[in-house]
Amino acid sequence: RSLFLPRPPTSRTDYVPSVSSAGWRSAVSFGSNDPAARTTWGAFLALLLRSTPARFLITALSTLWIKVTATAVIFLVLCIAHLCLIYAVFGVELESLEVYNLVHIFLAFISKAIVASGLLLSRLTSKALVASALARSSRGVPLVDVATRYGSYAPRRGRGTRRLLIFTLAAIEALTWLLHVQMQWVPVTSTVQGIFPCTPASYPSKPPLVDSLLPYLAGDVEYAAINSYAMPLVDGVVGGWSSWPLADPSAAFSVEGTGVVYLISSRCSEPEPLGNFSSATSATGSTGAAGQARQPNTWLRVAATRSWQAVSHLEFDVAYAADAHDSAVFAGVDIVQHCLVELLTGPGSVQFSFVADEWQMVSGGRIVQIQLPDPAAVLRNAGVDPAALGLPYLDPPVLSVQTAAAIDGYGDGSGDSNSSALYAGSVRERIAPLAAEFANLTSWIAEQVVYTLTGDGRYTAPAARNESAAAAAVYSHPPFVPCAGTRATSRCTVMRWAAGPATTGHSSTASPALTHRAVAALVAQVAHYVTNQFDPAAAGSCTYFGDAGHGRAAAPAWPRALVALAATAAAICAANLLATFWFVAAGSSASTAAAANLLDDPLLLAYHARTAVPTLLAPAAAAAAAAAAADGESTPSPQETWRAATTALASVRVRFGEPRAARGESVRTLVLDSPAAVVNMRKVARTVTT
C-alpha cells in the first residue's frame, strides 16, 4: 500500500524538477493539455505536500488523528452538556414527574458516557504517543510498552495528565451519584390555569366581634401549619388575604389577587418567676405561699393595647407552669414572660392555595406567596410625589416573599426571598407608608384579639383614635385565659408554636425562647379570621394557578458545584492530551499511523519483528534459563518464566522503521528491531509490507 504519492526512483537526494516562469503560468491553467504544464503542476503539488500546512492537513486526514480528535470533541461536548444540564434544569419548572425522572436518566447516561469517552481518549492518546515514539524516537521504546495486554499503553509523556483525567472521571461518576441522592422533586403551583370569578377582599363595615373565638382557634390550629395563617419571619410573621375562589379548575389550585397584608412583629422579655409577678390576679382565687396570686396551669392574657396612627401594639403576659417549660434556669418554677406585639396592615398581592373535593367543596390551604410593591412607586402612580414625603425607591421594586419549602430552600436564583431569613423591618418599610388606608382594619384585628382572650365578653372598646395621643386604651386588670390540660401535662393549644424543636406530641413542653413565635402566631390566627370576614357580595376576577403535576428538580448547590469542578478539570485534561497528541503527531502522520496499525494488530507486530525475535527475546530466554537453573528444574513453571521474562524485557528497547542496511533501496521495507538496526521512515518511495 502506498502512503504517499509515488515518485520516480532517484538517489537519496530528493528530485525536484526545475520550473520556468512560463511553466508556472501554464501550471495554473487547469485545462491545459501541455505535458510540460502537467509536469509542472505535479511538481507544484509535490512542493505543496511537503510544506508545513500540508503536513498538518495530512495529519488531520489520518485515521488515528480522526479517532483521537473525534473522541476528544465528543468528550468535551459531553462535559459541556453535563454542566448545562446541571445548571439549566435545576430550579426550572418541569411539566411532570416523568420529566424529572428523565433528568435522572440523562444525568446518569451523560456521566457514563463521559467516563467511557474519557477512558477511550486516554487509551487512544497513549497509543498514539507510543506509536509516535516507536516510529520517531532514536532511542526507541521499551518492548514491554509495545507488547501490552488489553492495549494498556503507559508512555511517560502525559502520564500525569492521564492519571488526573482518570481521577476526575471517577470523581464525576461518584459526585453524580451523590447528586442523584440529593435531588428532590418539589411541586410548584406556578402554572397559570386561567382567570376565573372570585370574591375579593372587601370590608365595607366592621365585622362583628366574637367572644367564643378561642375554642374555634384551638380546634383550627390543632392540625394546621403556620403557613395557613402567615409566613414566619425572623422576628414575627407576615400574612394576608386576597380573595375567595368561585371556581375549582383542578383538585389543587391557588388564587392570586390584590388584597390585605398584615405584619406582626413580636418581642418577649426574659422569663421571671411567677411569684415575683405581683399583678397576677388569679382567675380561680388560689394564692401562693407568699401571699401572691398564682395560676395552677399555663395561661396568657392581654395586659394592654395601644394605638398610634395606623399601628396597634398589644402587650401580653404569658405564664408557664413549672412542668410546662424547659427553662434550665427556672427548672421546677412557674414562670411568666411579657411580650410586645406590633400589628400593621397594608396593601399587597397574596397567593393562597385551596383544595377542592369531588362534591365541588373548596377549603383553604396555606399562603403560597406575598408580593409587596415599592410604596414610592405606588404613590407616584397615584399622583403623589414620593420625594415630598421623603420616601426613597426600594430595590427590588417588588419583594416576593415565600417560605423555604416553596422556593425549595436551595438558592436556585428564582428571585424569591425566604421569609425565614427576612426581618420585620424589610416588610414594614413597604407597608407603613400605605398603612393609613387600612387603619380601621388594623384596629378591628386588635379589638378581636383582646375580645377573644377575655373569654367572657367583658371588653371595653378602645378610645377613638387620636393622632396626638400615644395611649388609646389601657386595661388594668384583664382576665386570664387558662389553657387546657392538667398540671402534669399542661399545654396551650393556641400557643403550640412555643414548643421546642426537640419535643413532639400533645404533651410537649414550651420553650421560653420561642414564646415570641407563639404570640405572633396567635395574633396571626385572629388576623386571618378577621380578614376572612369579607363582603360576600363583592365580585371580581382573579388569576388561578394549579400545580397540574408540575414541579422543580431541586438539589443543594455544593454537589452541583463539585460536579461542575470535576467536569471542568476533566475537560482541561482532555484538551491538554489532545494538544500533546497534535504537536507530537503533526508532520509525521504516516509513520505514526503505520506504528499505530502495528500496535492494533498482534499478527502484524509479529510479522514485522520476525527477523529480530531471536535477538529481542534472547535476554528473556536467558533469564528464564537462569531462573530454572536456580530452582534446579529443567523446565521452569509458567509463572517463573513470566516473571523472569518481564524483568528481562524491561530493558529491551525496540523501534519501528526501515532497516538501516536497506535504507538506499527504492522500495521501502518496515521492520521492528532494536534502535541501532532501524532508521526513520522515508517520506518518499513506495512502501511494501512483504
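A residue counts as buried under 20% relative accessible area, as exposed over 50%, and as partly exposed in between. The structure described here is a predicted model, and its protein chain comes to 18 helices and 23 strands. Buried residues make up 46% of the 690 residues in this chain, and among the contacts between residues at least 6 apart in sequence, 74% join residues at least 24 apart.

- The place of Gln-309 is in the loop between β10 (299-308) and β11 (311-320), and the residue has a positive phi of about 55 degrees although it is not a glycine.
- As background to that angle, most residues other than glycine have a negative phi.
- Ala-322 is found in the loop between β11 and β12 (335-356), and with a relative accessible area of 17% this residue is buried, because the value is under 20%.
- The C-alpha atoms of Ala-322 and Ile-335 are 7.1 Å apart in space, while the two residues are 13 apart in sequence.
- Gln-184 belongs to strand β3 (residues 184-187) and, at 38% relative accessibility, counts as partly exposed.
- Although Gln-184 and Ala-553 are 369 residues apart along the chain, their C-alpha atoms are separated by 5.8 Å.

**Helix α8 and its two partners**

- Helix α8 (residues 213-221) packs against helix α12 (residues 515-531) at an angle of about 105 degrees, with the two axes 11 Å apart, and the pair is therefore roughly perpendicular.
- On the α8 side this contact is made by Leu-213, Tyr-216, Leu-217 and Val-221, and on the α12 side by Gln-525, Val-526 and Tyr-529.
- By class, the residues of the contact of α8 with α12 divide into 6 nonpolar, 1 polar and no charged.
- The axes of α8 and helix α11 (residues 439-454) come within 8 Å and cross at roughly 95 degrees, which makes α8 roughly perpendicular to α11.
- In this second contact, Leu-213, Leu-214 and Leu-217 of α8 meet Gln-448, Thr-452 and Leu-453 of α11, giving 4 nonpolar, 2 polar and no charged residues.
- Pro-215 and Val-494 are 279 residues apart in sequence, and the distance from C-alpha to C-alpha is 9.2 Å.

- Leaving aside neighbours within four places in sequence, Ile-264 is in contact with Asp-235, Gly-236, Val-237, Val-341, Glu-342, Leu-343, Ala-520, Val-523 and Ala-524.

**The pairing of helices α5 and α7**

- The axes of helix α5 (residues 97-136) and helix α7 (residues 159-182) come within 10 Å and cross at roughly 175 degrees.
- Because angles over 145 degrees count as roughly antiparallel, α5 is roughly antiparallel to α7.
- By class, the contact of α5 with α7 has 12 nonpolar, 8 polar and 3 charged residues, whereas no charged residues are found in the contact of α8 with α12 or in that of α8 with α11.

Definitions and conventions. Residues numbered from 1 in each chain as written. Predicted model: local features only at pLDDT ≥ 70, side-chain atom pairs only at ≥ 80, totals over all residues. Heavy atoms only, no water. Axes fitted to C-alpha atoms, helices over the stretch in contact; angles between N-to-C directions. Helix = DSSP H or I, 4+ residues; strand = E, 2+ residues; numbered from the N terminus. Parallel < 35°, antiparallel > 145°, perpendicular 65-115°, else oblique. Contact = heavy atoms within 4.5 Å. Nonpolar A, V, L, I, M, F, W, Y, C, P; charged D, E, K, R; others polar. Buried < 20%, exposed > 50% of the residue type's maximum accessible area, 1.4 Å probe, protein only.
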